[in-house]
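Visitor: I would like to walk through a model with you, pockets and charges included. Could you show it to me?

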Amino acid sequence: MKILVTGGAGFIGSHTIVELHQAGLEPIIVDDFSNSSRSVLEGLRNILGYEVICYAEDCNRPESLRRVFGEHDIAGVIHFAASKAVGESVQQPLKYYRNNLGSLFTLLTVMLEQQRTHLVFSSSCTVYGQPKELPVNENSPILPAESPYGNTKQICEEIIRDTTKSGVPLKALSLRYFNPIGAHPSAQIGELPIGTPGNLVPFITQTAAGLRGQMTVFGDDYPTPDGTCVRDYIHVVDLAKAHVKALQLLFGQAAANHYDVFNIGTGRGASVLEVIRTFEEVTGTQVDYRIGERRAGDIEQIYAEVNKATEGLHWRAEKPLREALADAWRWQQKLMRKGG
Ligand code: WQD
């Protein structure tokens, strides 16, 4: 069965390609490489032993998607393609609304036209904002978005839900990811942040590798056990596996319409200092850091309740934080050897 993966050359997308292949499915990538590198395809070839079919196309173009659906009998779609930098979305909201809403709108329109009925959507725990109660479950309130990026994820979920409700044949799931980290254990694929990384783990690995000077821990006066923010860090390979389970759930649905959402996290929170210390322990490498000011817009703490995914998707995260950090470090070292 062929599975179309938009944004399949991205961080989560590329790891999902591997898991689809291992589950006996045939992934096909559509990616415009606006925020990913073609070197990912080489890494995938080294892992899979063959060249994944890839269309270097923008999902906002209906004719591009029509061509892919015309050339392949696509059984399901996983939609990752989106812009994802929170800070940039505040500076360039129109880019985010155009890319993220536009690509979903185009994809759904073409899917319905081509009678393709199975969709897994890449959503985010950002839809919960700063939750009042922890852990967050799928019924926790959706709070006003903190950024245009977050707003696009909320709106995209609503578009999909309303479309399934309208009675057209569409079965869809939104997966609300917590904080994906790590890399494939082969070190053939991983995160490729462009420019200065915004996220914690690439910052740690680049600092430890000597590519950057001292890093800053953004605030240690939060009402958390050690004063630093708490997140639910999930190994990207575990996250990728959840997509295969999501597709399997959709394939097993008898009804013509279906929509549901799942939290995809570990259920465990870790503080910024805990991540740094665990990294140091696992890799034997020191991270030069200082405590600085809080970062504007940061949520104090968030972690997932994962019962729904455990029961509904028959999935749970298996890889501990230590393994994710060891894999992220192996990937960073590989990038350095390649001069990346
Ligand atoms: C984690 C913690 C920082 C860098 C991300 C995405 C967001 C959403 C959820 C997808 C925070 C601290 C970081 C540094 C630090 N994902 N930090 N020093 O904020 O949870 O958001 O995941 O939708 O889009 O951006 O993750 O990795 O940026 O930060 O102290 O140099 O690390 O303050 O507490 P965050 P992050």
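Guide: Let me start with the residue classes: Ala, Val, Leu, Ile, Met, Phe, Trp, Tyr, Cys and Pro count as nonpolar, Asp, Glu, Lys and Arg as charged, and the others, Gly among them, as polar. This is a predicted model, in which local features need pLDDT of at least 70 and side-chain atom pairs count only at pLDDT 80 or more, while totals for chains, interfaces and linings use all residues. Residues are numbered from 1 along each chain as its sequence is written, and side-chain values use heavy atoms, with hydrogens and water left out.

Visitor: How do the residues of the lining of the second largest pocket divide by class?

Guide: A pocket is an open set of points on a 1 Å grid over the protein atoms alone, with protein on both sides within 12 Å along at least five of seven lines; lining residues have an atom within 4 Å of a point. The second largest pocket holds about 230 Å³ of space, and among its 16 lining residues Glu 191, Pro 193, Gln 206, Gln 332 and Leu 335 are the closest to its centre. Helices α7 (200–208) and α11 (321–337) each supply at least two lining residues, helices being DSSP runs of H or I with at least four residues and strands runs of E with at least two, numbered from the N terminus. By class, the lining divides into eight nonpolar, six polar and two charged.

Visitor: Which elements give two or more residues to the lining of the largest cavity?

Guide: A cavity is a set of grid points where a 1.4 Å probe fits but cannot get out; points are joined across faces, edges and corners, and a volume is the space filled by probe spheres set on them. The largest cavity has a volume of about 40 Å³, and its lining includes His 79, Asn 100, Phe 121, Ser 122, Lys 153 and Cys 156. The elements asked for are β5 (118–124) and α6 (148–165).

Visitor: Which residues line the second largest cavity?

Guide: This cavity has a volume of about 30 Å³. Its lining has three nonpolar, no polar and two charged residues. They are Leu 41, Leu 44, Arg 45, Glu 51 and Val 52.

Visitor: Which residues are linked with Arg 67 in a network of salt bridges?

Guide: A salt bridge is a side-chain nitrogen of Lys or Arg within 4 Å of a carboxyl oxygen of Asp or Glu, and the structure holds 18 of them. Arg 67 pairs with Glu 71, with the closest N and O atoms 3.2 Å apart; both lie in helix α3 (residues 62–71), four residues apart, about one turn of the helix. The network joins Arg 67 to Glu 57, Arg 61, Glu 63 and Glu 71.

Visitor: How many residues apart in sequence are the parts that Lys 308 and Asp 260 tie together?

Guide: The closest N and O atoms of this salt bridge are 2.6 Å apart. Lys 308 lies in helix α10 (residues 307–312) and Asp 260 in strand β11 (residues 257–264), so the parts that the pair ties together are separated in sequence by 48 residues.

Visitor: Is Lys 319 buried or exposed?

Guide: Buried means under 20% relative accessible area, exposed over 50%, and partly exposed in between (1.4 Å probe, protein chains only). Lys 319 meets Glu 323 in a salt bridge at 2.8 Å, N to O, and Glu 323 is partly exposed at 30%. Lys 319 has a relative accessible area of 18%, so Lys 319 is buried.
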